[in-house]
Amino acid sequence: MKKFFPAIFLLLFFLSACNSAVISDEEQQSLVIGFSQSGTESKWRKRHTDSIRTELEKNNQVLYRNGYMNQERQIQDIRTFIAYKVDMIVFTPLQEDGWEPVLKEAKQAAIPVIVVDRHINVSDQSLYVTHIGPSFKAEGNRGGLYVSNHFSTVEQPEINILELAGLPDTSPTTLRTDGFQETISRDNRMEVVDTLYGDYIRMKGKEQMEKYIEAHDISTIDVLYSHNDEMTHGALEALKKTDIIPGEDIVIVTIDAQEDMIEKLRTGEVNCVVECNPNAGWFVANAIERYFASDNKEDFVREIYMFETVFSETNLDKIPTRNY
């Protein structure tokens, strides 16, 4: 018995040491990710943030900062990540320009960067690894296709469209406009007669729509094409003060597919909801995992698009719960 106990002790010590080694390896695999979000302006944006944080925190340490619609604040947050010497930076840019200096600082510190959602303009494409997000032009195409199909059997000499666009000089705004115009241009009856800018904010959308109604005859507008659900909610509030019946007197196409807008679709107040997928988390986490496992990081895929769809009266019974 005296010989048996030391043997058992040595075995337990050995197993404990092996277990400690495994834990140590897992700790070494855990990355520190700096995540900078652009704002909290909508339910969509909050869902986008939660999706990314939830997925990243499963296997990594995450330093999270929110810019609250202020680019300078975001830039300072990215500089904080650089000072902390994080393993990777993930950020959602508020606008396209103005990122090159801070991204050069990240590159000099050998910290790779992933751009999520909106695009950026930089002269050196090596300043970031990849862009992950929706195809904004395809979203515009889908909105335009609904309008084209809706009026395809309607005998009407002119179809006047009012566009409620997002934040100027950002990729979602530019590409959603381009995609929509590209599709409706096939029907020479269709014309975007005016474009308003609501900055993707509900109150701004309402204010812009109210001003337009005061200065123009809204009854001449056949279609409202809105770049996001929050602005659409604002526009619907403004239309309540008129005799126009949304969904009947004016066709409404909106982008995002928040749960509260799907309810508007079900009640007939809007006609088409183009999905903009906020659930970027899995795509971001997967890209990070593949990047650090790759032997040839310079050839990493430059663009990762997320799947999306369209909702209208034709598929109401197939719309899943949105959870945002």
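Modeller: A contact means heavy atoms within 4.5 Å. Of the contacts in the protein with a separation of 6 or more, 72% join residues 24 or more positions apart. The model is predicted: local features need pLDDT of at least 70, side-chain atom pairs count only at pLDDT 80 or more, and totals for chains, interfaces and linings use all residues. Residues are numbered from 1 along each chain as its sequence is written, and side-chain values use heavy atoms, without hydrogens and water.

The protein has ten helices and twelve strands (DSSP runs numbered from the N terminus: H or I, at least four residues; E, at least two). Along the principal axes, its C-alpha atoms fill a box of roughly 100 × 45 × 35 Å. Of its 324 residues, 52% are buried (under 20% relative accessible area, 1.4 Å probe, protein chains only).

Now the part itself: an open sheet of six strands. The order is β7-β6-β8-β9-β10-β12, and the pairing is mixed (a pair needs at least two DSSP bridges). β7 (190-197) and β12 (310-312) are the edges; each has a single partner strand, so one side of each lacks a neighbour in the sheet. From one strand to the next, the twist averages 20° (axes are lines fitted to C-alpha atoms, for helices over the stretch in contact; angles run from 0 to 180 degrees between N-to-C directions).

Look further in. Strands β8 (residues 223-226) and β9 (residues 251-256) run parallel, joined by four bridges. Y225 stands opposite V253 in β9. Helix α8 (residues 229-239) packs on the sheet. This helix touches β6 (159-165), β8, β9 and β10 (272-275). The direction of α8 makes about 150° with that of β9.

Terms used: Buried means under 20% relative accessible area, exposed over 50%, partly exposed in between (1.4 Å probe, protein chains only).
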